[in-house]
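Me: I'd like to learn how to read the features of a helical model. Could you take me through one, step by step?

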Amino acid sequence: MTMPEASVVALAIAAALHAGFQSTVTTVVYPALVAVEPQQWIRAHAAHGRAITPIVGLTYGALLIAVVWAAWSQPTNLGVWVCAGGAALSMAATALLAGPTHGRLSENPDPELVRRLIVSDRVRLVGALVALLGGSMAAFV
């Protein structure tokens, strides 16, 4: 068996980091945020935003760099493209759904907006899991 190229190993690692991060947000972070009493919402939501924004930037940045590197060096590797599709789904759900919803939730825990946030988060988790599958395929299949 030959060793996989560095770009697809980096892709698998970045996809695993992303999937772990997103799984934690879905199963721990958002349930804790949603459980906050309405009178504590503004402070808790602001603290959440300050804490998670740098982690999102690092995680998505690493994933984006790994996807571009792997696509450039392994353009015929199906796993790379599966990973890229999952990553794109997560990033699009963040940019188009979760981010704007967080902006609207900063002052008011409107139940409909909270529901939208949870749905967008689940879309991001699906994308992260697809990216993990693709990254694993790219490096190890």
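Me: Is the crossing of α1 and α2 left-handed or right-handed?

Reply: Happy to start there! A crossing is left-handed if the near helix is turned anticlockwise from the far one by less than a right angle, and right-handed if clockwise. Here α1 and α2 make a left-handed crossing. Before going on, note that this is a predicted model, where local features need pLDDT of at least 70, side-chain atom pairs count only at pLDDT 80 or more, and totals for chains, interfaces and linings use all residues. Residues are numbered from 1 along each chain as its sequence is written, and side-chain values use heavy atoms, with hydrogens and water left out.

Me: At what angle do the axes of helix α1 and helix α2 cross?

Reply: Two packed helices are described by the angle between their axes and the distance between the axes. Axes are lines fitted to C-alpha atoms, for helices over the stretch in contact, and angles run from 0 to 180 degrees between N-to-C directions. The axes of α1 (residues 6–34) and α2 (residues 41–73) cross at roughly 160 degrees and come within 8 Å. Angles under 35 degrees count as roughly parallel, over 145 as roughly antiparallel, 65 to 115 as roughly perpendicular and the rest as oblique. The pair α1 and α2 is therefore roughly antiparallel.

Me: How many helices and strands are there in the protein chain?

Reply: Helices (H or I, at least four residues) and strands (E, at least two) are DSSP runs, numbered from the N terminus. The protein chain has four helices and zero strands, and its elements run α-α-α-α from the N terminus on. Its C-alpha atoms fill a box of roughly 60 × 20 × 20 Å, taken along the principal axes.

Me: Is Ser 120 buried or exposed?

Reply: Buried means under 20% relative accessible area, exposed over 50%, and partly exposed in between (1.4 Å probe, protein chains only). Ser 120 lies in helix α4 (residues 111–140) and counts as buried because its relative accessibility is 1%. Leaving aside neighbours within four places in sequence, Ser 120 is in contact (heavy atoms within 4.5 Å) with Ala 93, Leu 97 and Ala 98. Across the 141 residues of the protein chain, 38% count as buried.

Me: And Ile 65, buried or exposed?

Reply: Ile 65, in helix α2, is exposed, with a relative accessible area of 60%. Ile 65 and Ala 128 are 63 residues apart in sequence and 15 Å apart in space, C-alpha to C-alpha.
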